[in-house]
Amino acid sequence: MKNPLVQLTSVQARRIWLHAQRLDITEPFGSGPKATPAAVAHLGYLQIDTIYVIERSHHHILYTRIPTYRREHLHQAQSIDKTVFEYWTHALSYVPTESLRFYVRDMRQAHRAWQRRNGWFGKVSNDDLRRVVSRIRRHGALTIRDIEDEPVEKDYAWASRKPSKRVLELAFYKGLVTISQRVGMLKTYELMTRHFGWVRLPRAATERETLNYLLDRALQSQGIVSVESICHLDGPRKPAMRRLLESRVRREELIPVQLEGAGQWLHWVRPETLDAIPDPAQEQVHILSPFDPLIIQRKRLRLFFDYEYRFEAYVPKHKRVFGYFVCPVLIGDRIVAALDLKTDRSLKKILVQRWNWIGRASRAHQQQVEAGLHKFEQFQLGRS
């Protein structure tokens with residue numbers, strides 16, 4: 001007879017997840033330049049996004065966990081220390097360089113995979129790739145601004161009018177070049193082997209090694225996992241991931257648990273996680289990016305926090321409920337507000353376009369959120 005499933009309340013589940021995300025303590029990664037690669041290594045990836053209504057997501061996420069974070073720390077990690085690199089996870093992200101071998105297989109299959117996905121690279125030939133890579137090899141790293149193309153009509157709204165843009169992007173996804181530095185959203189492309197000082201790329205991880213990497217990454221940064229949370233936007237890997245989870249349960253390395261409100265949707269934790277469920281989180285205030293790892297998986301967020309986040313930047317203005325660029329506000333282990341924010345860089349201040357309370361709020365909550373906004377504004381505008 002099977003043992004009954006361990007039952008976890010949503011409060012317990014939240015505490016486990018917040019602790020894994022390092023949002024329940026002050027300065028979990030310390031301070032100074034070395035805190036940035038430590039945070040990326042723990043989280044597993046750091047999503048990059050172009051939207052610049054307030055601070056860009058990669059800087060925002062790091063500031064949330066490193067109160068003394070400075071933008072030059074990420075530049076140092078990417079371009080000087082080379083402890084992080086850019087590649088595709090579920091989106092374009094910063095990833096620890098020590099994990100690069102888990103992406104080499106994707107690099108080798110990039111042309112075919114991206115062609116299936118959206119046809120974006122269909123017009124790029126092997127000769128195009130050779131020409132761009134040869135130019136970088138002979139003349140050094142370059143940006144898209146260094147290439148003079150005859151402009152063409154865009155076939156995607158977000159596309160460049162320069163044909164060489166998609167050639168550079170395919171060379172990037174194939175691992176021929178890497179982004180050696182980023183100034184705003186302007187990327188400098190360098191040969192990957194030359195950037196890291198390698199003769200060749202690391203040996204590609206096997207699919208089984210990659211599955212174990214994805215599971216361990218999720219356990220570290222999520223604490224309590226489901227097939228969906230491990231394989232976020234990676235549906236083809238779900239059957240194999242279920243088999244791996246079952247094998248770890250048989251070896252007593254994982255325990256299946258039932259979450260309050262999850263129905264038949266199973267989750268798993270390490271035994272030591274259940275033995276040390278964190279105490280209530282400190283009453284810290286975090287103004288979260290819409291692309292924060294705590295927010296980006298919407299179904300998981302709703303299950304753990306009973307909060308339905310809507311990202312409305314791409315919704316027509318007259319259909320928006322909460323605002324264009326809404327940042328959830330976490331106090332302790334509750335999301336108490338959702339603020340539509342915009343940075344007015346000429347006035348040097350953050351504007352609250354709309355303030356939405358989530359659940360019951362108190363005057364103390366408002367004061368805490370306002371204090372958090374003041375600190376975030378100082379970071380945004382580079383004030384000491």
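Colleague: Before we start, which pLDDT do local features need here?
Modeller: Residues are numbered from 1 along each chain as its sequence is written, and side-chain values use heavy atoms, with hydrogens and water left out. This is a predicted model in which totals for chains, interfaces and linings use all residues, side-chain atom pairs count only at pLDDT 80 or more, and local features need pLDDT of at least 70.

Colleague: Thanks! Is Val 40 buried or exposed, and what is its relative accessible area?
Modeller: Val 40 sits in helix H2, where helices (H or I, at least four residues) and strands (E, at least two) are DSSP runs numbered from the N terminus. Buried means under 20% relative accessible area, exposed over 50%, and partly exposed in between, with a 1.4 Å probe and protein chains only. Val 40 is therefore buried, with a relative accessible area of 1%.

Colleague: Which residues does Val 40 contact, leaving aside neighbours within four places in sequence?
Modeller: Contact means heavy atoms within 4.5 Å. With neighbours within four places left aside, the partners of Val 40 are Tyr 45, Leu 46, Leu 62, Val 84, Tyr 94, Val 95 and Pro 96.

Colleague: Within what arc do the buried residues of H2 fall?
Modeller: The buried residues of H2 are Ala 35, Thr 36, Ala 39, Val 40, His 42 and Leu 43. Seen down the axis of H2, they line one face of the helix, because they fall within an arc of 165 degrees. That arc is taken from the directions from the helix axis to the C-beta atoms.

Colleague: Which elements do the buried residues of H4 pack against?
Modeller: Helix H4 spans residues 71-80, and its buried residues are His 73, Leu 74, Ala 77, Gln 78 and Ser 79. They pack against helix H2 (35-43), helix H3 (57-65), strand S3 (84-88), strand S4 (92-96), strand S5 (177-183) and helix H9 (192-196).

Colleague: What is the phi of Lys 82?
Modeller: Most residues other than glycine have a negative phi. Lys 82 lies in the loop between H4 and S3, and at 29% relative accessibility it counts as partly exposed. Although Lys 82 is not a glycine, it has a positive phi of about 60 degrees.

Colleague: And where is Arg 22 found?
Modeller: Arg 22 is another residue other than glycine with a positive phi, near 60 degrees. Arg 22 is partly exposed, with a relative accessible area of 22%. Its place is the loop between helix H1 (10-20) and H2.

Colleague: What arc do the buried residues of H14 cover?
Modeller: In helix H14 (residues 298-305), the buried residues are Arg 300, Leu 301, Leu 303, Phe 304 and Phe 305. They are on the same side of H14 because they cover an arc of only 165 degrees.

Colleague: Which residues touch the most other members of the largest nonpolar core?
Modeller: A nonpolar core is a set of buried Ala, Val, Leu, Ile, Met, Phe, Trp, Tyr and Cys residues joined through side-chain atoms within 4.5 Å. The largest one has 113 residues. Phe 305 has contacts beyond four places in sequence that include Arg 14, Trp 17 and Leu 330. Those touching the most other members are Leu 215, Ile 230, Met 241, Leu 259 and Phe 305.

Colleague: Which residues line the largest cavity?
Modeller: On a 1 Å grid over the protein atoms alone, a cavity is a set of points where a 1.4 Å probe fits but cannot get out, and lining residues have an atom within 4 Å of a point. Grid points are joined across faces, edges and corners, and a volume is the space filled by probe spheres set on the points. The search of the whole structure finds one cavity of 30 Å³ or more, and the largest has a volume of about 30 Å³. Its lining is Tyr 307, Glu 308, Tyr 309, Arg 310, Phe 322, Val 326, Ala 338 and Ile 358.

Colleague: Last one: how far apart in space are Leu 5 and Ile 54?
Modeller: Leu 5 is in the segment before strand S1 (6-8), and at 34% relative accessibility it counts as partly exposed. Leu 5 and Ile 54 are 49 residues apart in sequence. From C-alpha to C-alpha, their separation in space is 44 Å.

Definitions and conventions:
On a 1 Å grid over the protein atoms alone, a cavity is a set of points where a 1.4 Å probe fits but cannot get out, and a pocket is an open set with protein on both sides within 12 Å along at least five of seven lines; lining residues have an atom within 4 Å of a point.
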